[in-house]
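My notes are below, in the order I took them.

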Amino acid sequence: MPTEPAGVEQGDDLALLGLLQLVSPALPIGAFAFSQGLESAFELGWVTDEATLGDWLDGVLEDGLTRCELPALARLHAAWAAGDGEALAEWNAWLAANRETAELAAEDSRLGASLARLLESLGLLPDSPSRESPPLPAGAGYVTVFAWTAHARGVTRRQALLGFAWAWLENQLAVACKALPLGHTAAQRLVERLRPALVAAVDEALTIEDDALGPALPGLALASALHETQYSRLFRS
């Protein structure tokens with residue numbers, strides 16, 4: 001049976017483990033504290049059960065991640081690989097400009113800062129003495145820092161996008177299990193339903209042109225804006 005050289009296999013294994021670490025719910029950056037408008041969607045009666053949650057997530061994936069975070073992540077990953085500081089700053093600013101509410105902007109900036117602090121404690125920032133890369137852009141958001149971490153760990157661009165999409169789905173299902181409530185078996189049924197959609201989203205994100213980018217999620221933006229005045233909240237606003 002043909003085999004890869006041992007060094008190649010080890011490199012692939014380390015990259016995979018690095019990606020698993022990066023998308024783990026146990027990563028101490030506070031991603032569990034945000035619902036991305038989903039808690040408001042429950043309160044407003046827009047999402048009430050497994051079926052409507054699946055429809056909501058499918059829509060956010062198709063009209064949000066596929067046209068915003070995932071293609072931007074692909075471009076940021078390529079910019080880190082090329083050492084292109086100008087492109088890093090441009091796409092980081094583009095993402096910030098596409099955060100339609102204070103809550104969504106705060107989530108991106110706070111998670112980015114938390115991940116950067118964690119990387120600093122591990123000696124893994126791009127401008128550490130052992131690296132030859134541009135520094136993180138000023139106010140680097142979560143997607144930008146995620147892209148750096150994936151690149152530094154040797155994670156391919158496609159696998160980085162899949163990991164990011166998977167982490168988003170797991171987080172949203174964790175929100176539903178706490179606040180809807182949604183049973184864990186129902187959550188796994190939604191994983192099975194949406195796994196092919198994650199792959200399709202990555203496929204599209206890797207081919208979409210710049211002039212087709214931009215999220216189209218008015219419902220999510222409204223839910224996120226209303227969340228800060230919601231009477232009872234489990235998640236940050």
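**Ground rules.** I am working with a predicted model, where local features need pLDDT of at least 70, side-chain atom pairs count only at pLDDT 80 or more, and totals for chains, interfaces and linings use all residues. Residues are numbered from 1 along each chain as its sequence is written, and side-chain values use heavy atoms, with hydrogens and water left out.

**Whole chain.** I counted ten helices and zero strands, taking helices (H or I, at least four residues) and strands (E, at least two) as DSSP runs numbered from the N terminus. Of the 237 residues, 48% are buried, meaning under 20% relative accessible area with a 1.4 Å probe and protein chains only. The chain exposes about 11,600 Å², with carbon and sulfur atoms supplying 55% of it; I used Shrake-Rupley areas with a 1.4 Å probe. I also looked up contacts (heavy atoms within 4.5 Å). Among those between residues at least 6 apart in sequence, 80% join residues at least 24 apart.

**Search method.** On a 1 Å grid over the protein atoms alone, a cavity is a set of points where a 1.4 Å probe fits but cannot get out, while a pocket is an open set with protein on both sides within 12 Å along at least five of seven lines; lining residues have an atom within 4 Å of a point. Points are joined across faces, edges and corners, and a volume is the space filled by probe spheres set on them.

**Cavities.** I found two cavities of 30 Å³ or more.

**Largest pocket.** About 770 Å³ of space lies here. Of its 35 lining residues, Gln36, Glu107, Leu111, Trp168 and Asn171 lie nearest the centre. Which helix gives the most to this lining? I found that α8 does, with eight residues. The lining divides into 23 nonpolar, five polar and seven charged residues.

**Second largest pocket.** This one holds about 210 Å³. Among its lining residues are Leu16, Leu20, Trp166, Arg195 and Val199. The elements giving two or more residues are α1, α8 and α9 (184-205).

**Helix α6.** I checked its span next: α6 has 20 residues and reaches 28 Å from first C-alpha to last, close to the 28 Å expected, which is 1.5 Å times one less than the number of residues. Its buried residues include Glu107, Leu111, Leu115 and Leu119. Gly123 follows α6 and has a positive phi, near 70°.

**Thr149.** Leaving out residues up to four places away in sequence, Thr149 touches Leu22, Leu115 and Leu119. Thr149 and Leu22 are 127 residues apart in sequence, yet 7.7 Å apart in space, C-alpha to C-alpha.

Conventions
Ala, Val, Leu, Ile, Met, Phe, Trp, Tyr, Cys and Pro count as nonpolar, Asp, Glu, Lys and Arg as charged, and the others, Gly among them, as polar. Buried means under 20% relative accessible area, exposed over 50%, partly exposed in between (1.4 Å probe, protein chains only).
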